[in-house]
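Welcome, and take a moment to look over the model below. We will walk through it together, one place at a time.

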Amino acid sequence: MVEPVDIERDVSRETLERLHEFEQLIQEWTKRINLISRADAGALWGRHILDCLQLVPLLPDVATSITDLGAGAGLPGMVLTIATGIPVTLIDSDQRKAAFLRTAAARLGVKATILCQRIEAAAPPPAPVVTARAVAPLRPLLDLAYPKLTPEGCCLFMKGENAEAELTDALQKWQMKIERFASRTAPSATIFRLSEIRRVNQA
């Protein structure tokens with residue numbers, strides 16, 4: 001496991017300050033609604049914020065916008081727009097979480113569009129990057145992501161210890177270019193960068 005400072009070292013002081021402000025907002029709202037588990041609140045920076053920052057160097061050059069599925073507390077979508085300034089669309093069907101995301105976006109001055117809808121019902125403009133963290137197994141997750149992705153775009157999906165089993169299952173329905181990145185905050189986790197995504201032709 002790489003020490004958190006290695007993930008933070010290329011982030012400006014101003015960005016770190018805004019991320020800490022975002023962290024404080026999550027902690028405040030978690031006292032009232034279930035943004036993250038109460039058990040995780042004390043480890044929010046290392047377990048969640050830094051975990052999401054790992055996606056920043058994996059963003060492709062075409063990343064002019066990001067769509068985050070099942071945004072929840074804004075992890076990773078809000079972290080990415082704070083760190084990069086790239087506009088983000090955050091999709092979550094929970095009205096209380098959507099209210100938190102709107103409050104955080106206004107407070108932090110980021111370019112974020114919040115859609116309080118089920119992922120399958122939401123129809124934002126296709127984005128060159130689609131992200132998700134702890135939303136669904138990979139095969140149904142690709143069903144949700146594909147309509148929201150531009151043809152040249154990629155998906156950045158954060159997966160746990162079942163990542164390879166999920167990938168094997170997904171390859172029954174999807175073909176894609178697969179890149180794997182070991183998580184630097186969770187030894188058993190994997191980040192998939194998936195591009196050139198196509199449905200498998202089935203007779």
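Predicted model: local features only at pLDDT ≥ 70, side-chain atom pairs only at ≥ 80, totals over all residues.

Proline 140 is partly exposed, since its relative accessible area is 36%; here buried means under 20% relative accessible area, exposed means over 50%, and partly exposed lies in between, using a 1.4 Å probe and protein chains only. You will find proline 140 in helix H6. Helices (H or I, at least four residues) and strands (E, at least two) are DSSP runs, numbered from the N terminus.

Residues are numbered from 1 along each chain as its sequence is written, and side-chain values use heavy atoms, with hydrogens and water left out.

Let us turn to a pair of helices. Two packed helices are described by the angle between their axes and the distance between the axes. Helix H2 covers residues 13-30 and helix H4 covers residues 77-84; their axes come within 9 Å and cross at roughly 155°. Such axes are lines fitted to C-alpha atoms, for helices over the stretch in contact, and the angles run from 0 to 180 degrees between N-to-C directions. H2 and H4 are therefore roughly antiparallel to each other, a label for angles over 145 degrees, whereas those under 35 count as roughly parallel, 65 to 115 as roughly perpendicular and the rest as oblique.

Which residues in H2 and H4 meet? From H2 come Thr15, Arg18, Leu19 and Phe22, and from H4 come Met78, Val79, Ile82 and Ala83. Contact means heavy atoms within 4.5 Å. The residues of this contact divide into six nonpolar, one polar and one charged. Ala, Val, Leu, Ile, Met, Phe, Trp, Tyr, Cys and Pro count as nonpolar, Asp, Glu, Lys and Arg as charged, and the others, Gly among them, as polar. Pick out threonine 15 in helix H2: at 10% relative accessibility, threonine 15 is buried. Leaving aside residues up to four places away in sequence, threonine 15 touches Ile82 and Ala83.

Next come the charged pairs. Side chains of opposite charge can pair when their charged atoms come close. How many salt bridges does a search of the whole structure find? There are nine, each being a side-chain nitrogen of Lys or Arg within 4 Å of a carboxyl oxygen of Asp or Glu.

One of them joins the side chains of arginine 118 and glutamate 120, at 2.8 Å from N to O. Arginine 118 sits in the loop between strand S3 (112-115) and strand S4 (127-133) and is exposed, with a relative accessible area of 53%. The C-alpha atom of arginine 118 is 7.5 Å from that of isoleucine 91, 27 residues apart along the chain.

Another salt bridge pairs glutamate 164 with arginine 180, whose closest N and O atoms are 2.7 Å apart. Glutamate 164 lies in helix H7 and arginine 180 in strand S6, so this pair ties together parts that are 16 residues apart in sequence. Glutamate 164 is partly exposed at 37% relative accessibility, and arginine 180 is partly exposed as well, at 46%. Finally, salt bridges that share partners join Asp143, Lys173 and Arg199 into one network.
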